[in-house]
Amino acid sequence: MFTHILFPTDGSPASDQAAETAIGLAKSEGARITAYHAIPPYLPPIPEMTYGYMYLLTPEEYEKGARRDAAAFVARVAALARAQQIEFDSVVETAARPWEAIVKAAEGNRCDLIAMASHGRKGLAGLLLGSETQKVLTHASIPVLVCR
């Protein structure tokens, strides 16, 4: 039924748990999996909020750290995929709106399913913070499996 699953990961415990579900589904379907991570763009510090410390991270330091973290996030998914002998690929890119980048990555990689975690924020936190998962559900043109 599914041949190519996009698995967005943010490196959280919820995402790691959802990776096991996505890998299991890929195994049962004979599908391949692409792990995806969106790096938030660098935002320079606001002087009023640095309390006199203007130096926090340079854009280069931020990029290096963010890429290192992203590599670790997708490596955890890769290890699970290798253990199950699942064909694996990964995509890491900078994106200001992760939900939009996830939908575009699914289209660009010709995925037929997006499998992702939900952090389950409810109430005011869910309303104020929004949900990348909810936005993907709203805008994706392919099925989305939400793992809790």
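Where is serine 118 found? Serine 118 lies in the loop between E4 and helix H4 (123-129). This is a predicted model.

## Overall layout

The protein has five helices and five strands. Read from the N terminus, the elements run β-α-β-α-β-α-β-α-α-β.

The chain has 148 residues, and 35% of them count as buried.

In soluble globular proteins, nonpolar side chains tend to be buried together. This model has a largest nonpolar core of 19 residues. Those with the most contacts inside that core are Ile5, Phe7, Ile23, Ile33, Val77 and Ile86. Several elements give two or more residues to the core: strand E1 (4-8), helix H1 (13-29), strand E2 (32-39), helix H2 (59-83) and strand E4 (113-117). H1 supplies the largest share, five residues. A second, separate core has 16 residues, and Trp99, Val103, Ile114 and Ala140 are among them.

Ile5 shows how such a residue is surrounded. Neighbours within four places in sequence are left aside here. Isoleucine 5 is then in contact with Ala22, Leu25 and Ala26, and also with Ala31, Arg32, Ile33 and Thr34.

## How H1 meets H2

Two packed helices are described by the angle between their axes and the distance between the axes. For H1 and H2, the axes come within 10 Å and cross at roughly 30°. Angles under 35 degrees count as roughly parallel, so H1 and H2 are roughly parallel to each other. The crossing of H1 past H2 is right-handed.

Which residues of H1 and H2 make the contact? On the H1 side they are Asp16, Ala19, Glu20 and Ile23. On the H2 side they are Arg76, Val77, Leu80 and Ala81. By class, this contact has five nonpolar and three charged residues, and no polar ones.

Is serine 118 buried or exposed? Its relative accessible area is 14%. Buried means under 20%, so serine 118 is buried. Not counting residues up to four places away in sequence, serine 118 touches Ala14, Thr133, Val146, Cys147 and Arg148.

Alanine 14 sits in helix H1. With a relative accessible area of 25%, alanine 14 is partly exposed. Leaving aside neighbours within four places in sequence, alanine 14 is in contact with Ala117, Ser118 and His119. Alanine 14 and histidine 119 are 105 residues apart along the chain, yet their C-alpha atoms are separated by 6.5 Å.

## Two loop residues with positive phi

Glutamine 85 is found in the loop between H2 and strand E3 (88-94). Its phi is near 60°, a positive value in a residue other than glycine. Glutamine 85 has 70% relative accessibility and counts as exposed.

Arginine 110 is found in the loop between helix H3 (98-108) and E4. Phi of arginine 110 is near 55°, again positive in a residue other than glycine. At 74% relative accessibility, arginine 110 counts as exposed.

Note on methods
Residues are numbered from 1 along each chain as its sequence is written. This is a predicted model: local features need pLDDT of at least 70, side-chain atom pairs count only at pLDDT 80 or more; totals for chains, interfaces and linings use all residues. Side-chain values use heavy atoms; hydrogens and water are left out. A nonpolar core is a set of buried Ala, Val, Leu, Ile, Met, Phe, Trp, Tyr and Cys residues joined through side-chain atoms within 4.5 Å. Buried means under 20% relative accessible area, exposed over 50%, partly exposed in between (1.4 Å probe, protein chains only). Helices (H or I, at least four residues) and strands (E, at least two) are DSSP runs, numbered from the N terminus. Contact means heavy atoms within 4.5 Å. Axes are lines fitted to C-alpha atoms, for helices over the stretch in contact, and angles run from 0 to 180 degrees between N-to-C directions. Angles under 35 degrees count as roughly parallel, over 145 as roughly antiparallel, 65 to 115 as roughly perpendicular and the rest as oblique. A crossing is left-handed if the near helix is turned anticlockwise from the far one by less than a right angle, and right-handed if clockwise. Ala, Val, Leu, Ile, Met, Phe, Trp, Tyr, Cys and Pro count as nonpolar, Asp, Glu, Lys and Arg as charged, and the others, Gly among them, as polar.
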